[in-house]
Amino acid sequence: VFETWTGRGEACPYPECPHDPCGEDWHGTWHGVQCRELQGVAQWKLPDNVYRRVTNMHIPEWGLPGHLPESLCLFEMLEELDFDENEFEGELPACVG
């Protein structure tokens with residue numbers, strides 16, 4: 001699922017971009033994924049030509065199995081990660097742990 005997330009920009013402007021986790025405001029179109037403040041500025045107040053960044057992921061109690069992929073590290077501005085009560089196994093990606 002992480003591979004389907006794309007950012008906003010000229011190639012995928014809101015609302016034509018169904019895979020934009022940020023969307024028009026801070027919560028976007030992906031349940032549990034948020035794009036809150038970035039360097040002290042509310043991202044939904046940024047100009048349209050500024051890419052937004054995922055800052056929070058709250059996906060607890062979904063029973064998700066498997067390993068967390070290294071692609072999680074692509075979310076460079078990620079500040080908070082809540083995957084409690086899932087069934088992930090194995091090592092955490094180096095950027096998380």
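**Figure 1. The whole chain.** About 6,500 Å² of accessible surface belongs to the protein chain, and carbon and sulfur atoms hold 51% of that surface. Accessible areas come from the Shrake-Rupley method with a 1.4 Å probe, and for residues only the protein chains shown count as cover. The model is predicted: local features need pLDDT of at least 70 and side-chain atom pairs pLDDT 80 or more, while totals for chains, interfaces and linings use all residues. Residues are numbered from 1 along each chain as its sequence is written, and side-chain values use heavy atoms, with hydrogens and water left out. The chain has 0 helices and 7 strands, in the sequence pattern β-β-β-β-β-β-β. Helices (H or I, at least four residues) and strands (E, at least two) are DSSP runs numbered from the N terminus. Of the 97 residues, 33% are buried; buried means under 20% relative accessible area, exposed over 50%, and partly exposed in between (1.4 Å probe, protein chains only). Among contacts (heavy atoms within 4.5 Å) with a separation of 6 or more, 38% join residues 24 or more positions apart.

**Figure 2. The open sheet.** Three strands form this sheet in the order β1-β4-β6, with mixed pairing. Two strands pair if DSSP finds at least two bridges between them. Strands β4 and β6 run in the parallel sense over 3 bridges. His58 has Asp82 of β6 as its bridge partner.

**Figure 3. Thr55 and its surroundings.** Thr55 sits in the loop between β3 (41–42) and β4 (56–58). With a relative accessible area of 0%, Thr55 is buried. Neighbours within four places in sequence aside, the residues in contact with Thr55 include Gln34, Cys35, Met77 and Leu78.

**Figure 4. Asn56 and its polar contacts.** Asn56 belongs to strand β4 and is buried at a relative accessible area of 4%. Its side chain makes polar contacts with the side chains of Thr55, at 2.6 Å, and Glu80, at 2.9 Å. A polar contact is a pair of N or O atoms within 3.5 Å; within protein, one must be able to donate a hydrogen and the other to accept it, and residues adjacent in sequence count only if both atoms are side-chain atoms. Leu78 is 22 residues from Asn56 along the chain, yet their C-alpha atoms are separated by 5.8 Å. Beyond four places in sequence, Asn56 is in contact with Gly32, Val33, Gln34, Arg36, Leu78 and Glu80.

**Figure 5. A nonpolar surface patch.** Leu81, Leu92 and Val96 make a nonpolar surface patch of about 220 Å². Patches are made of residues with over 30% relative accessible area and no salt bridge; like charges are joined within 9 Å, and nonpolar side chains (Val, Leu, Ile, Met, Phe, Trp, Tyr) within 5 Å. A salt bridge is a side-chain nitrogen of Lys or Arg within 4 Å of a carboxyl oxygen of Asp or Glu. Leu81 is in strand β6 and is partly exposed, at a relative accessible area of 31%.

**Figure 6. Two loop residues with positive phi.** Glu61 is not a glycine, but its phi is positive at about 60°. Glu61 is placed in the loop between β4 and β5 (65–66) and is exposed at 64% relative accessibility. Glu85, also a residue other than glycine, has a positive phi near 60°. Glu85 is in the loop between β6 and β7 (87–88), where its relative accessibility of 61% counts as exposed.
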